[in-house]
Amino acid sequence: MTESEIRALTRRQLVATAKEKQVKNYGRLTKDQLVDALIAVEAGVPPAAKKAARPEAAAVNIPTAALRKEPPGGWQERVEETKYYTGPVEKRWEEMPTEIPVSYGDNRIVVLVRDPWWLHAYWEVSPQQVTRGKQALGLSEPVKTVLRVYDVTGCDFTGNNANASFDIELTGMASNWYIHVGQPNASYCVDIGLVSPQGQFYTLARSNAVTTPRDKMSDVVDEKWMSTKGQAEKMYALSGGFRVGAGSLELRQLMEERLKQEISSGAWSGAISSWGSGAVPKRQQRGFWFVLDAELIVYGATDPSAKVTLQGKPVNLRPDGTFTARFALPDGEQVIPVTATSPDAVETRTITPIVNRMTK
Amino acid sequence: MRNCKNLALQGFGLPQASPLKPHACFYGGFVEKGYLCMVLHAHLPYVRHPEFSDFLEEDWLYEAITETYIPLIEVFEGLERDKVDFRITMSLTPTLISMLTDPLLQQRYGAHLDKLIDLSNKEVMRTQWQPAYNQLALMYYHRFTRARQMFVERYNRNLVQAFRHFQDLGKLEIITCGATHGFLPLMQHNKSAVRAQILTAVEHYESHFGRKPRGIWLPECGYVPGIDEVLAEAGIKYFFVDAHGILHASPRPKYGVFSPLYCPSGVAAFGRDLESSKQVWSAVEGYPGDYYYREFYRDIGFDLEYDYIRPYLHSDGIRVNTGIKYHRITGETNHKEPYDRKQAMDKAAEHAGNFMFNREKQAEYLSEIIDRKPIVICPYDAELFGHWWFEGPEWINFLMRKVYHDQKSLRLITPSEYLEENHTNQVSTPSMSSWGWKGYNEVWLEGTNDWVYRHLHKLSDRMRELAQMHPQTNGGWQARALNQAAREVLLAQSSDWAFIMKTGTMVNYAVKRTKDHILRFNRLYESLKSNSIDQDWLHDIEYKDNIFPNINYRNFA
C-alpha cells in the first residue's frame, strides 16, 4: 500500500488494517497515529526504531518527580545510563571529525538479527553490478529494486530450494532496512536484486544466513532430563518471576510481554511507551518553573599577620590580609561577631553584624 | 591543602554494621537449602584524553571510583577485618582495568579527589547555620578524605590490586568480559571479530591477575549459539545469560534458571533470576526508590550559585554533577527533604534483611520441588551500588553479614565453586538473548545507531585481511601500525557508543568516538596497503589510543 493510499483510508479501515499488520495497541491510537504506524510498517521501519527526539539543552533544575516514573527503556537501562550522565547539558564539539565514508565500493548485503521477529539488512550495490543486472534482464529504464527474503530453515540454501520467500520493494535511496519476518526460530537469507516488469529476478548480492531466536520454550526434550509438563511450567513460572499455576500459554504470553516490557510496572502510560514512538522527550519538563535562594557573604580586611575569628571559629586570611566567608542563610537571626587580634596579641577589635532573614 | 584541624569532624562516613549476635549454629551435618551467587559487573568504556588537560567524559571514571569502587573495597576490607566469610563474583572489564592502572588517569583522579575535598570543606563552612546540611557536608568531607587515604596511601593508586587481594583471599572471583565490551551477537557474520574480543580480554586478564580467567561476563549477556565455542577455545568455563536464554534453551532445561546448562562445547551457562533482579533494579518497586535514600538528581553542582561552584566545574563552565548531594528522594514530588544518613542506613539494613529473607524462602521452596540444590544468580551493574543507589554498598555489606550470621538456608557461592561441587549438569544450547531492554538486540540496533554496523563490520573484515596478510612482521612501523589498527577496531566496537546513542545522554561524544576510530583505522589500513605512513601521525594516535599495550593483532585473523 502506498502512503497516499494509507492516508485515504477511513478510521475504521485504518483500524482493520493496523490489526492485520499487527500494529501494537491499534485500538488506542488516534487516526494520525494509525497512519504513521502503517506508513512505518510499509517502510520496513518497526515503530520502535524511531529516534527519540532529543530536547534542546535542558534546563538546569531537573524535575525529579518525573524521573521517578518507569522510563520507556526500563529501570535497568535508566540505571546503566546514569554511568554516562554528568548533567542535562551536553557539551558542543567545536570540531567534529571529518566524515566517514558513505560506502566502501563493495557489492554486498549483510543481514543482522534484531529479535525473534525482525531482521536488519544493510547493503552496498556497485553500479557495474546494476548495469550487469539490467543487461541480463534486457532492460534499459530504471528498474524496481527489491529485497527477496528467503526462509531457509533446515535448508542448505542453493538459491532455489528455500521453503518460502517474499519480496520487499525498496523505495528511495535506502541502503538499509528493517525486515519483519515474524517467525522465531527460523533461518533466513536475503537477496537484493532487480525485478523486471514480467517478474524476472536478478540477484545483485546475496546475504549471509541468520537464524531468529526462539521466543518460547523449546519442544525438544532430553529424556535424561525430563520432567512432567506441570513441573516444566512451574520451573518456567518461577524462573520468570511469574505466579505458579499459570498454564503454558499464559506463561508464554507473560514472557513475551516481559520481553517486550509492557508489564514491568503495570502502567500503560499511553500508547506511546509501548511502541516507543519517540515522541516523548527523555526528561519531561514540568512546565514553567522558578527557584530562588539567598546567601550571605561576610568579608573584611586586616593586617595579614593578624588572627581573625568569626563566631569564635578561626578564619583564614589571604596573603593580603583580606578574607571572605560565605554562608547559606536560613530564616531567623544570625549574630555574627567577628574579632581581629593584632599580630602581637595586644589589641583586639570586634564588629558584630546582625542579619535577619524572613520568608514571606 | 587547607588545614582543617579546627573543625569538629563528626564521623558521618559509612557506619559499621550493627554487631549481630551469631545464632547458635549447628554446623557439622547441616546442609544449606540453596546457593546464592551475587554478581557485580563493573564496566566503563575507555575514555582517556591526554591531549586535553581537562575532559568532561573522564568524570564517568572518577565518579565511579569515588562512589562505587572505593566504597565496595571498603566493604570488602571490613568483611575481611571482621572475619565474615563471603563470596561475590565480579567482572572487571579490560577497559576499566586499563583505566584504573593508567598513570595519567590515576594522577587526574587524585587531583579530582583533592578538589572534592576542597569543595566539601568549603561546604562545611558555608552550611554552618544549617545543621541538617552541615552534617551532610561533614559526611562528604569525611568520605572524600577517607577515599584519598585508601587510594593514595593504602593502594598506591592501583585499585585493581585491591580487588586482586580479595580474589587471592578466595572471597572475590574476578571474571573477564569482552576486550572493549563489544556486543557479540551483532558481530556474527565475521567470527574473527568475536575471537579478537575474547582472546584479547583473556590475555589482558592474565597480565593483571597472574592466571587465566575462569569465567566471563558476556557484554550485555549478549549470546548467540557458537560464542561458547570461542570461550571454550580460550579456556573459559562459564558465562551468564538472561533468564530467557536458559528458559528457551534446546532441549528444554529441567530446572529453569536454578541450575546451569552445559553448552555442547562444555562451557556452562548460568541464567539470571528475575525475581531477585526486580527488587534491586526497579526504582519504583525495588529498594533503590525508597524515600529515605539519597536523591541522585539533586546535586550541588546544579543547586548552588554559579560563581561559587565554578572552580569545581570543567573549563567549559557547564554545570555538572559533583557527587555532593544533600537530599533524599522524599516522594513523588519535586520538593526534596534533606538526607538523613542514619535513617537511610536503617533502611539499607532492613532491605538487606528483606532480600535475604526472600532468597531464603525462595531456596526453601525450590529445594522442596526440585531434586537438586537450586542456585540463584543475582547479577547487577556494579555502578548501581553507590552511584545510582548511594546506599548500595552498605546494603551489600549488611547482606553479606546477615547471610553469614543470621541464617542457614543459603550459602554464598561463586560459579567456579558450584561447578566443582556440581559437575553433572544438563547439556543444552541456550537461546540467543541479551539482558538489554526487550531481551535481544534492539537496544544496539535501532534508528539511532544502526548506521555503525556497516563500518564496524568493514573494520573487522579489513583487520582480518591485514592479520592474514602479515602473519609475521620484521618489526618497524608495520608491526606498530598493525597493532594500532587492532586497537582502533576494538575501541570502535564498544557497545557503549550504540547504547549512548540510543538512550541519548552524551550522543555527540559517542558519535565522535565511533567516527574517530573508524577514520583512524581506515587511514592505518590505507597506509599498510600502500606501504607508507605518516610517522608523526602514527605516533600521535599511539599516544592517544594507547589501550592494551601488548595487543596481538594476530588474534584478529
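In the predicted model, B:Cys37 is in contact with B:Thr89, with B:Ile375, B:Val376, B:Ile377 and B:Cys378, and with B:Ile413, B:Thr414 and B:Pro415, when residues up to four places away in sequence are left out of the count. B:Cys37 also belongs to the largest nonpolar core, which comprises 215 residues. Together with A:Ala121 and B:Ala485, B:Cys37 touches the most other members of that core. The greatest contribution to the core comes from helix H1 of chain B (residues 59–81), which provides 11 residues. In soluble globular proteins, nonpolar side chains tend to be buried together.

Helix H6 of chain B covers residues 191–209, and its end C-alpha atoms are 27 Å apart. This agrees with expectation, because 19 residues at 1.5 Å a residue should span 27 Å. The buried residues of H6(B) are B:Ala193, B:Val194, B:Ala196, B:Gln197, B:Ile198, B:Thr200, B:Ala201, B:Val202, B:His204, B:Tyr205 and B:His208. An α-helix has 3.6 residues a turn, so residues three or four places apart point the same way. Just after H6(B), a positive phi of about 75° is found at B:Gly210.

The contact between the two chains involves 82 residues of chain A and 92 residues of chain B. On the side of chain A that touches chain B, at least two residues each are supplied by helix H4 (74–82), strand E1 (108–115), strand E2 (118–124), helix H6 (229–240), helix H7 (248–259), strand E11 (313–315) and strand E12 (322–328) of chain A. H4(A) accounts for the largest share of this side, with eight residues. By class, the side of chain A that touches chain B consists of 39 nonpolar, 20 polar and 23 charged residues.

Chain B also contains an open sheet of three strands in the order E5-E7-E6, with mixed pairing. Strand E5 (238–241) and strand E6 (261–262) of chain B form the edges, each pairing on one side only. E6(B) and strand E7 of chain B (residues 268–271) run antiparallel and are joined by two bridges. B:Tyr262 has B:Ala268 of E7(B) as its bridge partner.

Definitions and conventions. Residues numbered from 1 in each chain as written. Chains lettered and ligands numbered in written order. Predicted model: local features only at pLDDT ≥ 70, side-chain atom pairs only at ≥ 80, totals over all residues. Core = buried A, V, L, I, M, F, W, Y, C linked by C-beta atoms within 7 Å. Buried ≥ 20, exposed ≤ 12 C-beta atoms within 10 Å, placed from the backbone. Helix = DSSP H or I, 4+ residues; strand = E, 2+ residues; numbered from the N terminus. Contact = placed C-beta atoms within 7 Å. Expected span 1.5 Å × (residues − 1). Nonpolar A, V, L, I, M, F, W, Y, C, P; charged D, E, K, R; others polar. Pairing = 2+ DSSP bridges.
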